Amino acid sequence: MNKDITGKSANRVDGKAKVTGQATYAAEFAIPALLHGFVVSSEIAKGKIESIDVAEALQVEGVVQVFTHENRPQTAWFDKSYQDEDSPPGSPFRPLHNNEVLFSQQPIALVVAETFEQARYAAILVKVKYQEAPHTTDLQANRDQAYVPPKYKSQPPPEKRGDVETAFANAAVKVEQEYFHTAEHHNPIEMHASIAAWEEDGTLTVYDKTQSVKNSQKYISQIFGLSEKEARVISPYVGGAFGSGLRPQYQLFLAVMAALELKRSVKLVLTRQQMFSFGHRPATIQRLQLGASTDGNLEAARHEAYAETSKFEDYSENVVVWQNVLYQCDNVAFSHQLIGLDVYTPLDMRAPGGVTGLYALEIAMDELAIAANLDPVSLRLKNYTEKDQNKDLPFSSKELKACYQQAAERFGWDKRSPAPRSMRDGHNLVGWGMATGAWEAKQQESAAKALLTLDGKLTVSSATADIGTGTYTVMSQLAAEALGLPLEDVTFKLGDSSLPEAPLEGGSWTVASVGSAVKLVCEAVGEKLLKFSRKLPGSPFATASLEEVLFEEGQIKLKSDPAQAMAIVDIMRQRELHFIEEEVSSKPAPGQKKYAPYTHSAVFVEVKVDEDLGTIKVTRVVSAIAGGRVINPKTARSQILGGVVWGIGMALHEESFMDNNFGRFINHNLAEYHVPVNADIHDIDVIFVEEHDEHVNPIGAKGLGEIGVVGVAAAISNAVFHATGKRIRNLPITLDKLL
């Protein structure tokens, strides 16, 4: 094992390809004789299509076909055929299924032409008459319609413990408030796109923007009756996704449908406006009650959530579980209800549930600290829990106290004046706030293949994805470490459904899951190498076990005497081995069920608020992360930086604005959907707290994709209160709310 490869910063192995334009994204593959599609979107939010006239569109030069619900080919009948690996309970949306309109911008026709411009122009000429029905898109106005779903997407709310009603009534210090955040859209730079390439043998090669080529492959195979050999899905590069690619989006269905029907290759790219026509982070109302003794011990906690879903699926998130993860309390109650609206089903968006639930919980904890006249960090330490109360299990590891200590010290928290509006910088009010973050550290079953060739080059592969997180690089590092090879001699392949099985690229579990499989498969290659080396004349490894050797600098060495070594390429040449190939599947060990694995964070924020104008600048952020073993500090830091920026966006900028008169998100472009830009971002300091975890998975890594964003919006909200004395419980915090 070459220990100098992991734990050290390495440049992205795919970095050069990306910055020089050599990385090919879903819509960029050069396919001969390619047709282009353009989607016609519904103008109403609910109702029926009375008639759809495509005659004029079909007369446009270059137009090959216009698909509608009236002429679409037959597809699978049952709901289960349309369900994918990330589907919530319910009936998945079926494009062009019938004349019913379920949400605004629903795809109601697909124009296919020789060029994109012809398809786009012809789409304007499709004439649709609707029978409009009253729609419901206002979450607040329909709160009385909230219901408990028959089945939750992830897990039901935790069970009630103790007598929360009596404990809250008798508590000396109380907080009872309601918190809200609006819907948010993922808005990756790369729009969702699919190319369904028709091959001469009648099979399809599909280039799709996705976070799981296996999921996309299974989806189209189930719907169109294709075998795995008849539908190969490829996605080597993804231009951001943040959860939007976890489920196959409707452009995949439409492109494949058109290619199969026309027996030609079809490309379909959604417009930026159409990117607002499918899943989003659901708008959520939260009500919290916290009761404590005069010295700050939590005595009662109630967390209720009311979140939007569509009327055809019951989408839910783990919003109310976090109090049990972070704070000891004997009297607790939780509920999570859904409100069905005439919108597309919400969709997992970076740290789903966690970023929502912790936003409300961590503001409520700040309010409790003020009510109890305690420092916010002290209150959290006073109620620190050593076990996950959801499952009554000890944590696999938990260095959250070190996160508090190191982040507070780096930030200079001891210099904070606790009174609101007590810190100034000229005409700016200065506020310091903090919050805690947590995220599950899961491992999923995954497989990997390794091929070591005679020249000493190693190729490892798995059907995972890299959505910008650094998967290519980290997997290459893990493989190089396992066999003691230089990083430049290792190639990692992903994004191809013909490769070994991998889970969805989400949930911060890719390194833990695919990385564990990569480690094990490379160790299997090493074990085979050692076996071959034992029979060589004069071999120093004749009686050596795997535990008695190490792989380093392209050699096998005896641990007891590293001078006794043989080069890997020499072993293969002498044994006349052209290659060694192994494939391994990895799954969580049974012993992992004895522990609760979580990543933790402490976020400290400084804001400066112009006293006259109300403008807010986040001038400093310190984020301390306890995430187990960090494979590549450089890519890991990038993950946390991106998460913090996203948290700033959630707190101050991002809002998908629903016009309830039309039932449509009306700021469906990047000019009016505000996200942070360079001028909004100042100093961000990332600390990785040392944390060893022997239980979480074979490589000891917990995943860092989501922990960077959870807690940030709450910390900013708390800092704004500290600066201004105004508590804003409705995100984003905009000028009108502050003034």
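Let me start with Lys519, which has a relative accessibility of 17%. Buried means under 20%, so Lys519 counts as buried. Keep in mind that this is a predicted model. Lys519 sits in helix α12, which runs over residues 510–534. What does Lys519 touch, leaving aside residues up to four places away in sequence? The answer is Ala482, Pro698 and Ile699.

Next, helix α14. This helix covers residues 633–652, which makes 20 residues. From its first C-alpha to its last, α14 reaches 28 Å, close to the 28 Å expected at 1.5 Å a residue. How many of the residues of α14 are buried? It is 14 of the 20, so α14 is largely enclosed by the rest of the structure. Look also at the start of α14, where Asn632 has a side-chain oxygen within 3.0 Å of the backbone nitrogen of Lys634.

Last, a pair of helices. Helix α5 is residues 213–224 and helix α6 is residues 250–262. Their axes are 11 Å apart, and the two helices pack at an angle of about 50 degrees. Angles under 35 degrees count as roughly parallel, and 65 to 115 as roughly perpendicular. The angle here is about 50 degrees, and α5 and α6 are therefore oblique to each other. The crossing of α5 past α6 is right-handed.

Which residues meet where these two helices pack? On the α5 side they are Ser216, Tyr219, Ile220, Ile223 and Phe224. On the α6 side they are Leu252, Phe253, Val256, Met257 and Leu260. You can find both sets in the structure above.

Key:
Residues are numbered from 1 along each chain as its sequence is written. This is a predicted model: local features need pLDDT of at least 70, side-chain atom pairs count only at pLDDT 80 or more; totals for chains, interfaces and linings use all residues. Side-chain values use heavy atoms; hydrogens and water are left out. Helices (H or I, at least four residues) and strands (E, at least two) are DSSP runs, numbered from the N terminus. Buried means under 20% relative accessible area, exposed over 50%, partly exposed in between (1.4 Å probe, protein chains only). Contact means heavy atoms within 4.5 Å. The expected span of a helix is 1.5 Å times one less than its number of residues. A polar contact is a pair of N or O atoms within 3.5 Å; within protein, one must be able to donate a hydrogen and the other to accept it, and residues adjacent in sequence count only if both atoms are side-chain atoms. Axes are lines fitted to C-alpha atoms, for helices over the stretch in contact, and angles run from 0 to 180 degrees between N-to-C directions. Angles under 35 degrees count as roughly parallel, over 145 as roughly antiparallel, 65 to 115 as roughly perpendicular and the rest as oblique. A crossing is left-handed if the near helix is turned anticlockwise from the far one by less than a right angle, and right-handed if clockwise.
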